[in-house]
Every structure is written in structure tokens, then in C-alpha cells.
Amino acid sequence: MYSDQVLKDVLNAMKTVAVVGVSANPVRPSYFVARYLSRKGIRVVPVNPGLAGQVLFGETVSATLSDIPFNVDMVDVFRRSDAVPAIIDEALAHWPNLQTIWMQIGVEHASAAKVAEARGVTVIQNRCPKIEYQRLFGELRMGGFATGVISSKL
């Protein structure tokens, strides 16, 4: 569905990413994906109303996307699929020049994606930027997680 070149272009362009639904629990996928991106030099802005005001990855957690006082290149969604339309609407209203909406593994919403794409936003669904980064830039190693797609079996 997404060419490797499209994924590479998105990953190379992201400098600031809002991670919606981030957890402070280091064993949760949202935490270790956000941590991985921050260790790559990407500014990760955590978004979670239950953690608002705390600091994760060197950034203050925002309650909503609208609370972020600067532009982001990408919104990474760690929420259920039924929450996606409201997230996309808020992101598009707050950042008219948003580049990418990325929905994590298991997260998809075709009609909300079409709204964003109609505004010129690249939308990636049911993928993980950490896994794609490692796959496309030769960093695949034990630090990933079992997705059923990547295997260490020979």
C-alpha cells in the first residue's frame, strides 16, 4: 500500500512529532516508540490528558493537540480507530501545514484519512514508524517487538 520511498520520505522529513495517546509506562508500545524517535533526534511532543504537565522525553506532556504552541511535522496516533476523526479534525484545524498523520498498527479510519489527504496531508495507517525506520534504514535488531511481520527465525 505504501511504497518504501514514501515511507522513507516521511521518516526523513519528520523533525517534530506529536504522539497522541503516549503512555508513561516504559513497557507500553507508545512509550518505547516515542522514546526511540526522541533518541533519533526527533522532537517528540507527548499528548495525553491524563499525564498533562508531566515531562516525558524532555517535553511537557500536552493534554490536547491544540495545547501545543508550535508546529509539528507529524501526528502519530496511539488511540483506537474510532478516536481518529476527532484527532484529525483537531490537527488540521491547529496546523494548516501539517505534513503527516501516522496511525499505529491496528489503527485505521478510511473516511478520516480521506479528509486529511484532501488537505494534502500524507496519511499512513496500520504501521509503526519505529519498525519502518529500522527496516528501511538498516537498524532492524532485537529492540523491536513481535508484529508477526518481522521475525528472527531463519
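Modeller: Start with Phe 137, which counts as partly exposed at 29% relative accessibility. Buried means under 20% relative accessible area, exposed over 50%, and partly exposed in between (1.4 Å probe, protein chains only). This is a predicted model, where local features need pLDDT of at least 70, side-chain atom pairs count only at pLDDT 80 or more, and totals for chains, interfaces and linings use all residues. Residues are numbered from 1 along each chain as its sequence is written, and side-chain values use heavy atoms, with hydrogens and water left out.

Colleague: And Tyr 133, buried or exposed?

Modeller: Tyr 133 is buried, at 16% relative accessible area. Tyr 133 also pairs with Phe 137: the rings are tilted, 4.6 Å centre to centre, with 40° between the planes. Rings of Phe, Tyr and Trp (its six-membered ring) pair if their centres lie within 6.5 Å; planes under 30 degrees apart are stacked, over 60 edge-to-face, the rest tilted.

Colleague: How many aromatic pairs does the structure hold?

Modeller: It holds 3. One of them is Tyr 36 with Tyr 133, edge-to-face at 6.0 Å centre to centre and 70° between the planes.

Colleague: Which residues do ring pairs link into a cluster?

Modeller: Tyr 36, Tyr 133 and Phe 137. Tyr 36 is buried too, with a relative accessible area of 8%.

Colleague: New topic. What sits over the ring of Tyr 36?

Modeller: The charged end of Lys 130, 5.4 Å from the ring centre. The rule: NZ of Lys or CZ of Arg within 6 Å of the ring centre and within 35 degrees of the ring normal. Arg 43 lies over the face of Phe 70, 3.9 Å from the ring centre.
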